[in-house]
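Biologist: I am new to this one, so please pick a single part and walk me through it closely, from its layout to what lies across it.

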Amino acid sequence: MSKLWKEFSKGLWKDLPPFKVVLGLCPVLAVTKTADNGFGMGLAVIFVLTMSNVLVSIFRKIIPPKVRIACFIVIAASLVVSVELLMQAFAYPLYQQLGIFVPLIVVNCIILGRAEAFASKNPILLSAVDGLGMGIGFTISLTLLGGIRELFGYGTLFGTRIMPEHYKPFSFMVEAPGAFVCLGLMLSAMNIFTSWQARRKGQAVLDNPGHECRSCGICSR
Amino acid sequence: MKEGLKMIAVLTLICGMFSVTLAGLKEATESRIEEQVLTYVQGPAINQVLSGFDNSPVTDRMKFTVHGTEERVTVFPALKEGLLLGVALETFTKGHGGEVGVMVGFNLSGENLSGIAITTMKETPGIGARIAGHGFTSQFKDHSMDVELTSKGGSIEGIAGATTSSTASVEAVKQAVSIFQKIKPQITQAWPGGS
């Protein structure tokens, strides 16, 4: 049980995608214009990630190592097409909004990353839990990022007005550069929090790689 | 050698299995997706190009075979008190970034277009995508069936910098006009004409 919880919860903070592992940035930056979009994308990723982890784990014994990447991609791609079809059939407005980004889940590095790093080495249940945890973490991150951008960019949250009437929308936030800036600010906030937490516990603070010229070695040669 | 055979076998097995699953799923969701497209894409487009009707053009739609070809087109009728006011039909042409779908509405009484609306397109945002804007599509409202871009001596103003997209939508309208003229007898037979 504790092992299950460990695998599940690591996706929620310790390895929280996309902030801690910095994988799958393409959908993160592209679809988080509103909290709604981020949430929808997150749900699709939860489904694909959990199912692909389960399937990769089932087939892990018979997949020859040399063609494993091809097999993982076939699995992920089939799941994505299924999601696309189901979305078209049952949530067409969401499909219209996410558009091109649904097919792009195939190349979302988190899917391949978890398949390669976890599901191909672990039993089915653990892989499912890992995928679910990572997926939920991803959904929360996307919803949060989308929420912040929507709040400042449109003055709304999940489509309802939050900011006072006279608030002038800061449209930079819903454009592409706003996504980068917002993601960067959130990343640095998380890093500050992590090092503050470590210092409080009396652990060594993880330092950034040194910024002195000695550690680089490119120009000293 | 043995390893190579195993790789081929496993890859074939996995690909085969997933193709069967996907084909099944596609079959299972097909009718439902068609319904959703009708509600969310074609329905709103029909409301833009036809007006004054009291029926549901989507539920009353009918398929016709174009005379002389094998082509089948779906026609959406606008009826008022059971009499036909106009019809809408959708045509596709190739644009700059893929297919451009245009819903074209026809007035039955005045023999002119009642309007057009873009249903699907993947044109460049900000340039070609402006064909879906009101400025471009409103030119077709109550226009005669003879449509042509100004650059070719007609009266429809294309979008600057988006010749391919403008031409594609005009071509789609022309295509719809020629289909409409071919199937007009069948249409008036299917629904009693008004005015």
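Modeller: Gladly! Strands (E, at least two residues) and helices (H or I, at least four) are DSSP runs numbered from the N terminus, and two strands pair if DSSP finds at least two bridges between them. The model is predicted, so local features need pLDDT of at least 70 and side-chain atom pairs count only at pLDDT 80 or more, while totals for chains, interfaces and linings use all residues. Residues are numbered from 1 along each chain as its sequence is written, with chains lettered from A and ligands numbered from 1 in written order.

Let's look at chain B, where five strands form an open sheet in the order 1-2-3-4-5, with antiparallel pairing. At its edges stand strand 1 (62-65) and strand 5 (113-120) of chain B; each has a single partner strand, so one side of each is left without a neighbour in the sheet. On average, neighbouring strands of this sheet are turned by 30 degrees against each other, direction ignored.

Stay with strand 5 of chain B: strand 4 (residues 99-107) of chain B joins it through six bridges in the antiparallel sense. Within strand 5 of chain B, L113(B) is the bridge partner of F106(B).

Now for the helices, where contact means C-beta atoms, placed from the backbone, within 7 Å, and angles, from 0 to 180 degrees, compare N-to-C directions of axes fitted to C-alpha atoms, for helices over the stretch in contact. Helix 1 (residues 2-49) of chain B lies across strand 2 (72-80), strand 3 (83-94), strand 4 and strand 5 of chain B, at about 155 degrees to strand 5 of chain B. Helix 3 (residues 163-190) of chain B lies across strand 1, strand 2, strand 3, strand 4 and strand 5 of chain B, running at about 140 degrees to strand 3 of chain B.

How values were computed: Two residues are in contact if their C-beta atoms, placed from the backbone, lie within 7 Å.
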